[in-house]
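Please keep the model open beside the text while reading.

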Amino acid sequence: MPKGYKDLLADADAVVRSVEAADMATIPDGVVMVDIRDPRELEREGMIPGAFHAPRGMLEFWIDPESPYHKPIFAEPRTFVFYCASGWRSLLAVKVAQEMGLDARSLRGGFSEWKKRGNIVAERPRKDS
């Protein structure tokens with residue numbers, strides 16, 4: 001029987017390191033927040049201040065230094081905290097990022113939890129790297 005999305009999420013949750021929004025209100029030095037949501041979500045909802053936008057569909061290509069689409073930020077010795085709207089896409093993305101060698105975490109509850117806790121929201125994505 002093939003796996004459904006619930007199975008894939010459970011498999012990822014078993015191996016992915018996650019962080020709580022309550023613990024990330026102040027982003028620690030050496031941590032890069034990575035927003036993997038669709039650009040339309042960013043325009044509509046905003047994003048975590050200082051976060052780097054990496055669309056989910058390009059993530060593997062942006063991480064791999066041998067890819068023509070590689071983004072140098074992913075070669076830096078940092079901890080990357082990925083987030084999406086609710087934490088599902090980021091959970092799956094972090095599983096892949098960890099397999100590709102990144103020190104990566106998932107923001108449990110995603111951007112929705114971030115906003116629910118009253119944390120600051122920025123309007124525009126970060127354009128560097």
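## Terms and basis

A residue is called buried when its relative accessible area is under 20%, exposed when it is over 50%, and partly exposed in between, as computed with a 1.4 Å probe on protein chains only. The model is a predicted one, in which local features need pLDDT of at least 70 and side-chain atom pairs count only at pLDDT 80 or more, whereas totals for chains, interfaces and linings use all residues. Residues are numbered from 1 along each chain as its sequence is written, and side-chain values use heavy atoms, with hydrogens and water left out.

Thr79 belongs to strand 4; helices (H or I, at least four residues) and strands (E, at least two) are DSSP runs, numbered from the N terminus. Because its relative accessible area is 18%, Thr79 counts as buried. With residues up to four places away in sequence set aside, Thr79 touches Gly30, Val31, Val32, Asp103 and Arg105, where contact means heavy atoms within 4.5 Å.

With Asp103 there is also a polar contact from side chain to side chain, at 2.8 Å. Such a contact is a pair of N or O atoms within 3.5 Å; within protein, one must be able to donate a hydrogen and the other to accept it, and residues adjacent in sequence count only if both atoms are side-chain atoms. Pro28 lies 51 residues from Thr79 in sequence, and the two C-alpha atoms are 9.6 Å apart in space.

## Strand 2 and its partners

Strand 2 pairs with strand 4 in the parallel sense over five bridges, two strands being paired if DSSP finds at least two bridges between them. Within this pairing, Thr79 of strand 4 is the bridge partner of Val31. Strand 2 also pairs in the parallel sense with strand 3 (residues 52-53), over two bridges, and there Asp35 stands opposite His53.

Five of the five residues of strand 2 are buried, so this strand is largely enclosed by the rest of the structure. In a regular strand the side chains alternate between the two faces of the sheet. In strand 2, Val31, Met33 and Asp35 point one way and Val32 and Val34 the other way, and all are buried.

## The nonpolar cores

A nonpolar core is a set of buried Ala, Val, Leu, Ile, Met, Phe, Trp, Tyr and Cys residues joined through side-chain atoms within 4.5 Å. The largest such core has 22 residues, of which Val34, Phe74, Phe80, Phe82 and Leu102 touch the most other members. Two or more residues come from each of helix 1, strand 2 (31-35), helix 3, strand 4 and helix 4, and helix 4 gives the largest share, four residues.

Beyond its neighbours within four places in sequence, Phe74 is in contact with Val34, Phe52, Ala54, Leu59, Trp62, Ile63, Phe80, Phe82 and Leu102. Another core, of 14 residues, lies apart from the largest one, with Ile48, Ala51, Tyr83 and Phe111 among its members.

## Helix 4

After helix 4 comes Gly101, whose phi is positive, near 100°.

The buried residues of helix 4 are Ser90, Leu91, Ala93, Val94, Val96, Ala97 and Gln98. Their cover includes helix 1 (5-15), strand 1 (18-20), helix 3 (59-63), strand 4 (79-83) and strand 5 (103-108).

## Salt bridges

The structure holds 15 salt bridges, each defined as a side-chain nitrogen of Lys or Arg within 4 Å of a carboxyl oxygen of Asp or Glu. In one of them, the closest N and O atoms of Arg108 and Asp13 are 3.8 Å apart; this pair links distant parts of the chain, with Arg108 in strand 5 and Asp13 in helix 1, 95 residues apart. Arg108 is partly exposed at 39% relative accessibility, as is Asp13 at 38%. Asp13, Glu20 and Arg108 are linked in a network of salt bridges.

Asp103, which also contacts Thr79, meets Arg17 in a salt bridge at 3.9 Å, N to O. Here too distant parts of the chain are linked, since Arg17 sits in the loop between helix 1 and strand 1 and Asp103 in strand 5, 86 residues apart. Arg17 is partly exposed, with a relative accessible area of 39%, and Asp103 is partly exposed at 28%. Arg78 and Glu76 form a further salt bridge, at 2.9 Å from N to O.
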